[in-house]
Amino acid sequence: MEMHHFARRTAGYTALLAAAGLIVAGCSKDDDKNDNNAAASITTTAAAMQHGEEHASSAAEETKIATQRGDLTVSGAIFDKYVQSGGPAGALGAPLEAQESGPEDGHYQDFVGGTVYKAKDGEAHIVWGEIRKAWEDNGGAMGKLGYPTSDEKDIAGGKESDFSGGTITWVDGKTTVTPKQ
């Protein structure tokens, strides 16, 4: 199931990148006097979000982004991480699909540049690039590594991400998966 989801994401990324390229190629400065992202139209509203606690809820932001697939909503902790990373103008880019449920009551949402994952009782973290490929090859959130517990961080010669069940490093073009003992 996870590999099917990976193949679907890869096809989605390719299609969205191609569409974004066509949109950008057809735009000139005269077409976009406000210097907005031509590939995404954004509407932000307040929404009540439940956090799974018996009587706790808080107002959280959500964003509706117009994409080739229609309006897609980014909300809750995933929205917060998305905004921290620059929103549609940042490295994640536009969403590819609606937020989905993950294993053990977690959630995730795919974007052009990567995916934001949130375990039920954890924080939202971005997984992308070669680290994401290695993580998905090891079962993703359903595998022995589980959900991410950190964003990708710089280390000598590369990058590293922590997961509930281990660590993945990418150094000098080589990816290493280290499960917790």
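Lys-153 and Asp-162 form a salt bridge in this predicted model, with their closest N and O atoms 2.3 Å apart. Side chains of opposite charge can pair when their charged atoms come close.

- Lys-159 pairs through its side chain with Asp-154, at an N to O distance of 2.3 Å.
- Within this pair, Lys-159 is partly exposed at 28% relative accessibility, whereas Asp-154 is exposed at 60%.

**Helix α3: the Glu-130 and Lys-133 pair**

- Helix α3 spans residues 129-137, and both Glu-130 and Lys-133 lie in it, three residues apart, or about one turn of the helix.
- An α-helix has 3.6 residues a turn, so residues three or four places apart point the same way.
- The side chains of Glu-130 and Lys-133 meet in a salt bridge of 3.1 Å, N to O.
- Glu-130 is partly exposed, with 37% relative accessibility, and Lys-133 is likewise partly exposed, at 39%.

- The buried residues of α3 are Ile-131, Arg-132, Ala-134, Trp-135 and Glu-136.
- Two of these buried residues, Arg-132 and Glu-136, join Asp-110 in a network of salt bridges.

**After helix α3**

- Gly-139 follows α3 and has a positive phi, near 95°.

Note on methods
Residues are numbered from 1 along each chain as its sequence is written. This is a predicted model: local features need pLDDT of at least 70, side-chain atom pairs count only at pLDDT 80 or more; totals for chains, interfaces and linings use all residues. Side-chain values use heavy atoms; hydrogens and water are left out. Buried means under 20% relative accessible area, exposed over 50%, partly exposed in between (1.4 Å probe, protein chains only). Helices (H or I, at least four residues) and strands (E, at least two) are DSSP runs, numbered from the N terminus. A salt bridge is a side-chain nitrogen of Lys or Arg within 4 Å of a carboxyl oxygen of Asp or Glu.
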